[in-house]
Amino acid sequence: MPAVHRIAVLALEGVAPFELGMPSRVFGNARAEGGGRLYEVTVCTADGLPVTSDAGFTIGVTAGPEALAEADTVIVPPTHAMAGLLSGDPLPRQLAEALAGIRPGARIVSICTGSEVLAAAGLLDGRRATTHWAHAPEFQRAFPRVNLDEDVLFVDDGDILTSAGVAAGIDLCLYLIRADHGTATANRAARLCVVPPWRDGGQAQYIDRPVPEPTVATTTATRAWALERLAEPVTLPELAAHARMSLRTFTRRFRDEVGMTPVQWLTVQRLEVARQLLESSDLPVDLVAHRAGFGSANSLRQHMRTSLGISPIAYRRTFRPGSPAAEATAAA
């Protein structure tokens, strides 16, 4: 039974209640095979006193900054009471001191515009991060030292992770469960929350755009068709032909709907298949690459190193340390 991972969720004045409660619900549904808790979630404030949510009700807590200092993971939900951070206002003194008290090595996570708090504390300087797309222009002007990627649902930059708006916080929580305890545990938590364990694409698909006429075709059916053929060398012309569109129209519409190009999307789907096979089977890497549609182990290695910063063998060793394939590799 793994040790219980301690999570501190920081409630700020003006906090959004949905995002504040999200970590408790998602991580609370992550259980070991025997039903034991994997995470202990504590809601705290920077001074141990109650705060008022942006919905107008008061949130009482039982912990203060000491919870941040003891936590393995600190999560900062968004607040609508610190708009001045985007204009250069400093963090309130007690909040800055509380964040400075986070122990070295702890994982720090923001949900939605909670990234503004981390950026104002200097924690995102020189790092890749994201935030809600609607706040991206102001964020970039206020925090030019942050390498902002406004197109993704979340960013994993090692010990600091940031997510886009609202539901992307759920995506990130499930991603953390998966990283900590594997796909099966994350999938069980997702089912209990009645949410998908993984969402495709990025924020671009949610940015406000003119709604197309009902008669305009979409790429939905073609994406479903492609998912059934990931092991095959599906080409862009074949995708466009299935959608009955020209290459140019298909590519443009696909990007509008999904937030990435068809080729990028295919790579993401194939990586997901490869990850699942590496986590759940002892298939040789060559066969994993073939079934995922990469053609060769070398191609899979290149894509995994580029996207995840890790090789297939190292990935399997992380998620299946006791598997015959991992032990054989370690022995070799």
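Predicted model: local features only at pLDDT ≥ 70, side-chain atom pairs only at ≥ 80, totals over all residues.
Hi everyone, let's start with strand 1, residues 5-10. Of its 6 residues, 5 are buried, so strand 1 is mostly covered. On one side of the pairing list we have strand 2, residues 39-44, which runs parallel to strand 1 and is joined to it by 6 bridges.

Now over to helix 8, residues 220-227. Which of its residues are buried? They are Thr222, Arg223 and Ala226. Looking down the axis of helix 8, these buried residues fall within an arc of 100°, so they line one face of the helix. As a reminder, an α-helix has 3.6 residues a turn, so residues three or four places apart point the same way. And what do the buried residues of helix 8 pack against? Their partners are helix 9 (236-243), helix 10 (247-258) and helix 11 (262-280).

Next, the charged pairs. The whole structure contains 14 salt bridges, and I'll show you a few. Glu33 pairs with Arg188, with 3.5 Å between the closest N and O atoms. Since Glu33 is in the loop between helix 1 and strand 2 while Arg188 belongs to helix 7 (residues 183-193), this pair ties together parts 155 residues apart in sequence. Glu33 is exposed, at 70% relative accessible area, whereas Arg188 is partly exposed at 25%.

Asp159 and Arg127 make another salt bridge, their closest N and O atoms 2.8 Å apart. Here the loop between strand 9 (154-157) and strand 10 (160-163) supplies Asp159, and the loop between helix 4 and strand 7 supplies Arg127, 32 residues away. Both are partly exposed: Asp159 has a relative accessible area of 34%, and Arg127 has 21%.

Then there is Arg128 with Asp149, at 3.0 Å from N to O. Arg128 is in strand 7 and Asp149 in the loop between strand 8 (147-148) and strand 9, 21 residues apart. There is a network to look at too: Arg6, Asp72 and Arg103 are joined by salt bridges that share partners.

Last stop, Asp125, in the loop between helix 4 (114-120) and strand 7 (128-129). Leaving out residues up to four places away in sequence, Asp125 touches Arg145 and Val146. Thanks, and happy to take questions!

Technical notes
Residues numbered from 1 in each chain as written. Heavy atoms only, no water. Buried < 20%, exposed > 50% of the residue type's maximum accessible area, 1.4 Å probe, protein only. Helix = DSSP H or I, 4+ residues; strand = E, 2+ residues; numbered from the N terminus. Arc of directions from axis to C-beta. Contact = heavy atoms within 4.5 Å. Pairing = 2+ DSSP bridges. Salt bridge = Lys/Arg side-chain N within 4 Å of Asp/Glu carboxyl O.
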